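Grab a pencil and work through these exercises with the structure open beside you.

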Amino acid sequence: MTAEIGHFALILALPLTLVFGVLSLVGAWRRDARLMAVAAPAATGAFALVVLAFACLIALFVGNEFTVQLVAQHSNRNLPLAYRVAASWGSHEGSMLLWVLMLAGWTAAVALLSGQLPATLRARVLGTMGLIGFGFLLFLLFTSNPFERLVPAAAEGRDLNPLLQDPGMVFHPPLLYMGYVGFAVAFAFAIAGLLEGRFDAAWARWARPWTTVAWSFLTLGICLGSFWAYYELGWGGWWFWDPVENASFMPWLAGTALIHSLSVTEKRGAFRSWTVLLAILAFSLSLLGTFLVRSGVLTSVHAFATDPARGVFILIFLAIVIGGSLSLFAWRAPSIGTGPGFGAVSRESMLLANNILLIVAMAAVLLGTLYPLAMDTLGLGKISVGPPYFESVFFPLMAPALFLLGIGPIARWRKAELPQIAHRLKWAMAVAVVVALLLPLTIDGFRPLTSLGLLLSCWIVASAVTVVLDGLRGADGRVALSRMRLMSPSLWGMHLAHVGVAAFVFGVTMVNSYETEIDGRVEVGQAITVDGYSVRLDRLTDVKGPNYDAVRGVFTLSHNGQVLSVLHPEKRLYRSNGQPMTEAAIDRSLARDVYVSMGEPLGGNAWAVRVHVKPWVNWIWLGCVLMGAGGILAASDRRYRRAARADVASRAAVANA
Amino acid sequence: MRSLKFLIPLVIALGIGWFLYAGLGNNPLEIPSPLVGKTAPATPIALLNEPDRTWSPEQMKGKVWLLNVWGSWCSGCQVEHPVLLDLARQNVAPIVGLAWKDRPQASKDWLAKLGDPYVLNVSDQTGKAAIDWGVYGAPETFVIDKAGVIRDKHIGPLTPEVLAGRLVPLMRRLQAQ
């Protein structure tokens with residue numbers, strides 16, 4: 001019954017989204033208040049139906065309902081409960097239902113929190129989101145129904161891919177999808193704005209917190225994915241430039257450009273058509289990501305389920321959404337106007353440069369991701385594009401962007417003076433240069449690229465500190481902490497996120513420059529030594545997990561003779577499908593990770609063991625968490641809500657006058 | 001003129017869309033073998049039933065034949081097995097079975113249980129021969145002509161469609177030469 005209830009809930013949600021999508025847009029066009037009023041309750045109702053469907057799916061997985069095809073394929077009686085829940089989004093069908101759930105959730109949130117918006121704008125935003133939801137429900141029901149029954153039923157499920165049996169699977173996809181799908185709100189605002197012909201500061205102020213929150217979720221989702229790959233894949237890498245990683249990274253780059261461009265639109269009324277284009281781009285890239293992962297046009301470690309029929313559907317959907325919105329853009333954007341001008345040196349010009357660099361970087365990633373596909377299609381052979389390409393184009397583009405990141409927050413709007421900026425930031429630069437030159441010397445001598453990375457990282461922190469101190473300085477020139485309250489959360493959020501970027505750059509620089517690794521044959525009782533760390537294999541034990549058998553190594557980690565910890569890496573063999581998995585064991589600290597993984601048994605008591613020492617690697621994810629937290633802090637700024645109310649009040653006053 | 005620039009994003013998107021559409025027909029798993037068009041590797045391989053004796057592709061000279069790489073551990077091989085039996089019954093061309101990274105006893109049990117479509121069975125326990133042949137995974141099937149040159153390679157389970165549409169016509173053409 002549960003499967004049928006879930007299926008039925010989705011079938012009910014389908015016409016509901018279509019009806020409210022169309023009615024709101026028609027209502028806004030004809031200025032019919034009754035039609036527009038349908039959107040908010042209908043959006044909430046659609047959300048409730050999708051939640052019901054999703055709850056049914058989880059119940060099926062938890063209850064080992066192997067009469068349902070999806071459950072039989074992706075779960076197993078012996079799978080621990082948390083992974084049975086997570087298995088509900090571990091398949092193509094389930095992850096698409098998660099997509100729809102997130103979209104319905106964002107739509108309901110907009111419906112509940114957009115009371116202050118002008119009625120037509122609100123109806124158009126909700127209407128656009130309703131139609132997107134309709135498209136995805138259509139996709140779900142016709143090509144990827146998660147509630148398909150299996151006749152005859154399976155006695156036992158095939159189990160979840162062992163790679164996915166990890167706490168990362170519980171949190172990574174929901175966070176990532178929150179971000180991906182959250183850009184639908186920015187997209188809907190852009191479409192509503194184009195239809196409305198309205199792109200003033202108020203529009204940007206409404207769109208901004210939504211976009212920032214979506215961006216924060218995407219940041220945290222990518223961060224968690226990278227952290228997971230780091231400890232689960234067992235190679236010690238944290239980013240592989242895999243097509244699916246790129247698929248999530250491209251919307252992130254476009255979204256980063258978008259949140260910066262939106263700030264200009266809000267504060268100065270400039271960059272309007274550019275902001276709209278970025279909003280369309282960010283969501284289009286999210287959809288493209290879905291297409292790339294789900295259609296099978298690219299191979300990837302992530303492409304768990306691929307099917308060309310689904311690819312055709314997503315492609316048609318993509319053509320309608322992206323083609324339609326870009327046509328609307330081409331038609332309406334010329335009348336948007338460009339907004340006020342700005343000087344060659346100004347905060348606007350720096351944000352423009354930042355935007356261009358981010359978008360060029362995004363285009364480079366897109367090119368690298370689609371290049372193999374294009375070559376294959378043009379009959380020029382099968383090739384793959386690897387990390388060397390991405391690294392060689394990406395880093396030169398990011399270095400100037402990071403340098404600008406230090407200056408941007410201090411530059412005035414409209415027109416800034418370079419000498420004045422240089423005067424204010426001279427100490428920040430001096431500190432950064434000294435640290436960047438001296439730090440590598442204290443380790444193992446001068447390294448230009450390490451120094452460049454450290455320079456950019458220290459520069460960002462030092463200039464953020466300078467700006468904050470200047471803000472806390474009173475008329476008498478003294479720094480007073482009591483002034484902290486005067487700085488808005490959005491300002492603190494910005495600085496926090498920027499410091500997060502610095503922490504990220506620091507982590508990447510240090511781990512790329514100073515990581516060491518060793519592979520060796522280790523027998524019980526023997527030790528392997530790298531970089532002062534000694535890892536001794538004390539014994540091997542056989543472990544029976546809930547759904548796997550494993551050999552577990554007990555390793556003692558010591559540094560210069562002092563015992564630090566005992567590590568337990570495993571080599572698992574999953575019973576249901578005989579798939580082997582390497583579970584690395586990591587001794588973590590802020591300053592370094594020691595990463596131990598077991599390779600192959602070499603006969604007798606000997607194993608091939610790999611040990612990495614990764615200095616400061618955790619700062620990579622720490623930086624991402626700071627960025628995400630900064631975004632959420634910035635979006636929490638009461639200004640967005642207060643300003644929205646004030647705007648409504650002033651409009652009412654004008655109307656009454 | 002000024003407003004034409006707003007069409008640029010649309011044009012770029014349409015261009016990318018075309019590639020994606022065309023790309024749907026591609027199969028990224030299909031990797032062309034660099035060995036197609038080259039002489040089959042001459043490495044001798046141990047016979048499954050008489051491990052002391054070896055066989056080498058030389059001995060098939062003058063015939064058009066298939067080399068099928070399989071293993072009792074490989075689920076795809078189980079899928080293609082009935083297709084191979086069918087092909088053997090039709091007597092189109094001799095099929096040599098290469099049991100790859102498999103315990104000989106397991107290979108023998110498999111053939112005894114499911115039927116033996118092969119004229120000859122060789123066993124590559126270490127996987128060395130498979131490296132020479134450029135095998136990515138099992139099952140894989142090679143078509144070799146009378147001169148001992150590899151003419152085609154199919155990755156993944158053989159299906160009646162692949163055989164009827166590609167491999168059998170190719171073998172007939174090669175036999176006529």
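Before the first exercise, a word on axes: they are lines fitted to C-alpha atoms, for helices over the stretch in contact, and angles run from 0 to 180 degrees between N-to-C directions. Helices (H or I, at least four residues) and strands (E, at least two) are DSSP runs, numbered from the N terminus. You're looking at a predicted model, where local features need pLDDT of at least 70, side-chain atom pairs count only at pLDDT 80 or more, and totals for chains, interfaces and linings use all residues. Residues are numbered from 1 along each chain as its sequence is written, while chains are lettered from A and ligands numbered from 1 in the order in which they are written.

**Exercise 1. Work out how α9(A) and α18(A) lie against each other.**

Step 1: Find helix α9 (residues 201–232) and helix α18 (residues 618–635), both in chain A. Their axes come within 8 Å and cross at roughly 165°.

Step 2: Sort the angle. Under 35 degrees counts as roughly parallel, over 145 as roughly antiparallel, 65 to 115 as roughly perpendicular, and the rest as oblique. α9(A) and α18(A) are therefore roughly antiparallel.

Step 3: Check the hand. A crossing is left-handed if the near helix is turned anticlockwise from the far one by less than a right angle, and right-handed if clockwise. For α9(A) and α18(A) the crossing is left-handed.

Step 4: Look at who touches whom, with contact meaning that C-beta atoms, placed from the backbone, lie within 7 Å. The α9(A) side includes Trp215(A), Leu220(A) and Phe227(A), and the α18(A) side includes Trp621(A), Met627(A) and Ile632(A). By class, this contact has 13 nonpolar, six polar and no charged residues. Here Ala, Val, Leu, Ile, Met, Phe, Trp, Tyr, Cys and Pro count as nonpolar, Asp, Glu, Lys and Arg as charged, and the others, Gly among them, as polar.

**Exercise 2. Find which helix gives the most to the side of domain 2 of chain A that touches domain 3 of chain A.**

Step 1: Get the bounds, which come from an automatic or database domain assignment. For chain A that assignment gives domain 1 (1–161), domain 2 (166–333 + 344–412), domain 3 (417–513 + 621–657) and domain 4 (516–616).

Step 2: Count the contact: 24 residues from domain 2 of chain A and 27 from domain 3 of chain A.

Step 3: Pick out the suppliers. On the domain 2 side, α9 and α14 (387–407) of chain A each supply at least two residues. α9(A) gives the most, with 14 residues.

Step 4: Sort that domain 2 side by class, and you get 17 nonpolar, five polar and two charged residues.

**Exercise 3. Describe the packing of α6(A) and α8(A).**

Step 1: In chain A, helix α6 (residues 92–113) and helix α8 (residues 167–196) pack at about 50°, with axes 9 Å apart. That angle makes α6(A) oblique to α8(A).

Step 2: The crossing of these two is right-handed.

Step 3: Among the residues that meet are Trp99(A) and Trp106(A) from α6(A), and Tyr177(A) and Met178(A) from α8(A). The tally is 13 nonpolar, two polar and no charged residues.

**Exercise 4. Which chain has a radius of gyration close to what the globule rule gives?**

Step 1: Know the rule. The radius is taken over C-alpha atoms, and the globule rule is 2.2 Å times the number of residues to the power 0.38.

Step 2: Chain A comes to 19 helices and ten strands. Its radius of gyration is 27 Å, close to the 26 Å from the rule for 657 residues, so chain A is as compact as a globular protein of that length.

Step 3: Chain B comes to five helices and seven strands. A compact globule of 177 residues would have a radius near 16 Å, but chain B has 21 Å. Along its principal axes, the C-alpha trace of chain B spans about 80 × 35 × 30 Å.

Technical notes
Two residues are in contact if their C-beta atoms, placed from the backbone, lie within 7 Å.
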